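Cover how its parts pack, how its chains meet, and where a few individual residues sit.

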Number of protein chains: 2
Amino acid sequence: MKVIKSATELSRALIQPIAFVPTMGALHVGHQSLIKRAREVSENVIVSVYVNPLQFENQEDLNSYPSSPEIDEELAAAAGATILWRPNQSELYPNGITKISAGGVGAIYEGNRAGHFDGVLTVVHALFSNIKPTWAIFGEKDLQQLFLIRKMASEFFPAIKVLSGETFRESSGLALSSRNSRLSAENKNYATIVFRSLQAAQSQPAIAEMKREMLATLRSEPSFTLDYAEIIDDTTFDLAVEESRNKRAIIAGWINGIRLIDNMAMQNIRSASKVAAI
Amino acid sequence: MKVIKSATELSRALIQPIAFVPTMGALHVGHQSLIKRAREVSENVIVSVYVNPLQFENQEDLNSYPSSPEIDEELAAAAGATILWRPNQSELYPNGITKISAGGVGAIYEGNRAGHFDGVLTVVHALFSNIKPTWAIFGEKDLQQLFLIRKMASEFFPAIKVLSGETFRESSGLALSSRNSRLSAENKNYATIVFRSLQAAQSQPAIAEMKREMLATLRSEPSFTLDYAEIIDDTTFDLAVEESRNKRAIIAGWINGIRLIDNMAMQNIRSASKVAAI
């Protein structure tokens, strides 16, 4: 039993601390790991399922986005969600849609899809406004999205703690993604080139070698079409320099028209020896 | 897991349903039974402890009101309270005290104490406004207070369900009350006259006999000073007529200056036979 003396403290105690996992449905074990992470911090876990039209560049991609409402309910419940919310657009934006601009970092890499991150931030803002969670959990696989949401949340919702969940991978190394359901068995096999290229980069001592090995490995798979492959500083999303403490390799491209993105932290010799010295 | 489609439904689901037990402290097993009743309907049970100056007619009665903060915490926690709130006056009334008028029923019986029920309703309104409970639980011992709070709540807080808890009695029949701590063992013995008078009324077939037996029994105890003893209809607080379905005997008076109040539902022959006929 809590003993409370002030009305302010009381109203704080009456707020139900919520952990929130926004999704576009087509749930898989990666989403389940985010839901379990949410459940670790709160007994109230809300999962939203909303395919956000604002973040799709073209109607075709939106229409073909995978959907599995019954499976979503089963997987969310099994992972410990207490509420599954399917918002509709008119309720999310009752008074019109004022877009939130994702700024400079919103225009590079995944931001080449026009308006993509403005759409992401706008819907996340609307979801946060409705739910007012204490925690919100996003996957590290969408690293740039995570970066931009952290920035938006710190400015608009400073009380929300944004947590990240590690990328889940098949035993082949392929990062789990709802879009993987559109890959044939053969294409899935080709798609492992992304993971293998990230690993190739990780074993290198410096940025130039990381990038060279990553690109060489990617080029070895003729089915893969490169969009970008870079080593960035994940605290700024600028290109990494040797001094950057948080280097990440980021890769995006296509296997037979199906988009793949992935990333991996680079523990290079410099930072590894620093860790050992502490 | 709940599946929710509308934002309205979502915001309803996010409200933590609270059961609220307002007290003036000096908790006893009667309060504990109210807290247990609260716990039956909700996992969130707030007990407030606030000796409300507005409902005391004179400073002396207020100053001598019993207080036992440590025991209160133990008893509240043991009965299942999740929050114990000790509000302070400036937080309850941040912008001044606009009194709520208890009206006609607020001026009779216990309302003879000038401003008593206005004070009760004003503080309960302030507590309800802070807590916004789904349920609020009050003891039947303070029957007129229960009646007036039900009326106020139905008008100002229609969403709050007001529940009542039965009066707890010692084996002698004496109703539990925080004020009993001021009764000597001898006075406690005299005080049982109230319960015995209610029982005497209950065994009578009609209102005139109920009242006669009740008064005769009360007069048999020379230490007891009568304030009032009536048979009322507890749905209106008017004097009961034979046709009233909800007759209650209400008694108030003093044993050596210590105030006692009590009440009992009258199951007279008429209503008992009605029940049997259904």
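In this predicted model, the buried residues of α10(B) pack against α9 (193–202), β7 (224–233) and β8 (247–255) of chain B. Helices (H or I, at least four residues) and strands (E, at least two) are DSSP runs, numbered from the N terminus. The buried residues in question are I207(B), M210(B), M214(B), T217(B) and L218(B). A residue counts as buried if 20 or more other C-beta atoms lie within 10 Å of its own, as exposed if 12 or fewer do, and as partly exposed in between, with C-beta atoms placed from the backbone. The five cover an arc of only 105° around the axis, so they lie on the same side of α10(B); the arc is taken from the directions that run from the helix axis to the C-beta atoms. A208(B) and A216(B), on the other side of α10(B), are exposed. An α-helix has 3.6 residues a turn, so residues three or four places apart point the same way.

The length of α10(B) also fits a helix. Its 13 residues (207–219) should span 18 Å at 1.5 Å a residue, which agrees with the 18 Å between its end C-alpha atoms. The expected span is 1.5 Å times one less than the number of residues.

One of the packing partners, β8(B), pairs with β9(B) (residues 258–265) in the antiparallel sense over 8 bridges. Two strands pair if DSSP finds at least two bridges between them. Within this pairing, R248(B) has A265(B) as its bridge partner in β9(B). The two strands form a hairpin with 2 residues between them, and N256(B) in the turn has a positive phi of about 45°.

Residues are numbered from 1 along each chain as its sequence is written, and chains are lettered from A and ligands numbered from 1 in the order in which they are written. Local features need pLDDT of at least 70 and side-chain atom pairs count only at pLDDT 80 or more, whereas totals for chains, interfaces and linings use all residues.

Turning to the pair of chains, a rotation of 180° with 0.0 Å of shift along its axis superposes chain A on chain B, with an RMSD of 0.0 Å. The two copies are thus related as by a two-fold rotation axis. In chain A, the C-alpha nearest the axis belongs to Q16(A), at 3.2 Å. Superposition is by least squares on the C-alpha atoms of residues with pLDDT of at least 70 in both copies.

The same surface serves both copies, as 96% of the contact residues of chain A recur in chain B. Two residues are in contact if their C-beta atoms, placed from the backbone, lie within 7 Å. Chain A gives 24 residues to the contact and chain B gives 23. On the chain A side, β1 (2–4), α1 (7–14), α4 (69–79) and β4 (83–85) each supply at least two residues. The largest share, 4 residues, comes from α1(A). By class, this side has 15 nonpolar, 4 polar and 5 charged residues. Ala, Val, Leu, Ile, Met, Phe, Trp, Tyr, Cys and Pro count as nonpolar, Asp, Glu, Lys and Arg as charged, and the others, Gly among them, as polar.

Strand pairing also crosses between the chains. β1(A) and β4(B) (residues 83–85) pair in the parallel sense over 3 bridges, and L84(B) is the bridge partner of V3(A) in β4(B).

Chain A as a whole has 10 helices and 9 strands. Of its 278 residues, 40% count as buried. Among contacts in chain A with a separation of 6 or more, 66% join residues 24 or more positions apart.

| Residue | C-beta atoms within 10 Å | Class |
|---|---|---|
| H116(B) | 20 other C-beta atoms | buried |
| Y109(A) | 19 other C-beta atoms | partly exposed |
| F237(B) | 22 C-beta neighbours | buried |
| Q267(B) | 12 C-beta neighbours | exposed |

H116(B) belongs to helix α6 (residues 116–131) of chain B. Leaving out residues up to four places away in sequence, H116(B) touches Q55(B), E57(B), E110(B) and G111(B).

Y109(A) lies in the loop between α5 (89–92) and α6 (116–131) of chain A. Its phi is near 50°, a positive value in a residue other than glycine. F237(B), in the loop between β7 and β8 of chain B, has a positive phi of about 65° and is not a glycine either.

Q267(B) is placed in the loop between β9 and α11 (269–277) of chain B.
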